[in-house]
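User: Hello! Could you walk me through this model, one question at a time?

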Amino acid sequence: MKNILVTGGAGYIGSHTVRELAARGYNPVVYDNLSGGFRDFVKEYEFIQGDIGDIDAVMKALREKNIHCVMNFASYIAVGESVQNPMKYYDNNVSRTLVLFEAMRRCGVLNFIFSSTAAVYGFPEENPITEESLLKPINPYGRSKLFIEEVLSDLERSEGMRSVRLRYFNAAGADPSGAIGESHVPETHLIPLVMRSILEDYTLTIYGTDYRTHDGTCVRDYIHVNDLASAHVLALDNLLERGMSGVYNLGNGRGFTVKEVIDSVGRIAMKEPRVAEGPRRAGDPDALVASSARAARDLKWEPRFGDIDTIVETAWRWESQRRRKGY
């Protein structure tokens, strides 16, 4: 059984991936400082509390646990916050990740799976977006991720480090069991925000209704968190069995507008959300939709949760009882 160090493994996508790793026969070792994750999300798995910027702690984990590969989810992800506080993002997403790489280099652990983002594309010139589309991030979050992607290319040439870079589109949903799900502070993602507007009885603001889309609101590609987890394990299989580095978009290949998502939540919750229209936010493209053809070809990956109502239903199951569980 191969041991996989999952940094940031107690967070949203990390915890779902930990479950998928265990289900596929790997031994996940969760490494998390719990700044944004939850110990209870991964209470069934081996856990080390630590920061990726602590080189001694990382090296100890790598050596003592005989790690075969590192999966890194230990990133800050809020675009707006990255604009307001870029140093926070460059410190963690860049500087501390470089410390992680140095620890891996010293310990001879040369397999890495990176949680990247569609934000590396900025304002796309075409949809669907392929891996060959222009890389031009427009915020510190996207720039921090692209920088690490470039470092990984350099490390493959200099150190022989193999890596897979997975560019997510809009992660959404929760494990169908309802045991774990999305819980960010503050929450910035659309689906949980719509749900909370219903549960807490407040008016939700739609930012912009004059985009070049069929109903005037932004189009985004929503990909279920369990489908992301599955892609990580398939990428790991490929990396360990074939030594194949690569970069892959992960999305459903179809987009839904803000209004369509709000309507879906209303159907699932059986209560229409109250909404108000507000001005556009700076930096929001009209549409972001993935081509995941390369992942389908190389990783044999295919999303299972393609319908927006199915994605929303799993999120509602989690969100409607999240507070009762203490998250």
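**Strands, helices and buried side chains**

Analyst: Gladly! Let's start with an open sheet of 3 strands, which has mixed pairing and the order S12-S9-S14. Please keep in mind that this is a predicted model.

User: Which strands stand at the edges of that sheet, and why is one side of each left without a neighbour?

Analyst: The order of the open sheet is S12-S9-S14. Each edge strand has a single partner strand, so one side of each has no neighbour in the sheet. The strands at the edges are S12 and S14 (287–288).

User: What is the bridge partner of Arg 220 in S12?

Analyst: Strand S9 (residues 219–220) pairs with S12 over 2 bridges, in the antiparallel sense. Within S12, the residue bridged to Arg 220 is Phe 256.

User: Let's move on to S6. How many of its residues are buried?

Analyst: S6 spans residues 162–168. This strand is mostly covered, and the count of buried residues is 6 of its 7.

User: Over how many bridges do S5 and S6 pair, and what is the hand of the crossover between them?

Analyst: Strand S5 (residues 111–117) and S6 are parallel, paired over 7 bridges. From S5 the chain passes through helix H5 (residues 140–159) to reach S6. Within the pair, Tyr 168 in S6 has Thr 117 opposite.

User: How far from Arg 165 is the nearest side chain of opposite charge?

Analyst: Arg 165 lies in strand S6 and is buried. Its contacts beyond four places in sequence include Phe 114, Glu 149, Leu 152 and Tyr 248. Glu 149 is the nearest side chain of opposite charge, but a salt bridge needs a nitrogen-to-oxygen distance within 4 Å. Arg 165 has no salt bridge, as the separation from Glu 149 is 4.2 Å.

User: Is Met 104 buried or exposed?

Analyst: Met 104 sits in helix H4 (residues 86–107). Leaving out neighbours within four places in sequence, Met 104 contacts Leu 62, Val 70, Val 109, Asn 111, Phe 112 and Met 161. Because its relative accessibility is 0%, Met 104 counts as buried.

User: How many Å apart in space are Met 104 and Glu 159?

Analyst: In sequence, these two are 55 residues apart. From C-alpha to C-alpha, the separation of Met 104 and Glu 159 is 11 Å.

User: Why does Asn 238 count as buried?

Analyst: Asn 238 belongs to helix H7 (residues 225–242). Beyond four places in sequence, Asn 238 touches Gly 243, Met 244, Asp 298 and Leu 299. Asn 238 counts as buried because its relative accessibility is 5%.

User: Which residues of H8 are buried, and what covers them?

Analyst: Helix H8 (residues 258–269) has 12 residues and reaches 17 Å from first to last C-alpha, close to the expected 16 Å. Its buried residues are Val 258, Val 261, Ile 262, Ser 264, Val 265, Gly 266 and Ala 269. Their cover includes helix H6 (190–199), strand S8 (204–207), strand S10 (222–224), strand S12 (256–257), strand S13 (275–278) and helix H10 (308–325).

User: And which residue just after H8 takes a positive phi?

Analyst: H8 covers residues 258–269. Just beyond the helix, a phi of about 60° belongs to Met 270.

Methods: Residues numbered from 1 in each chain as written. Predicted model: local features only at pLDDT ≥ 70, side-chain atom pairs only at ≥ 80, totals over all residues. Heavy atoms only, no water. Helix = DSSP H or I, 4+ residues; strand = E, 2+ residues; numbered from the N terminus. Buried < 20%, exposed > 50% of the residue type's maximum accessible area, 1.4 Å probe, protein only. Lys, Arg positive; Asp, Glu negative; His and termini not counted. Contact = heavy atoms within 4.5 Å. Expected span 1.5 Å × (residues − 1). Pairing = 2+ DSSP bridges. Right-handed = clockwise from strand over helix to strand, strands pointing away.
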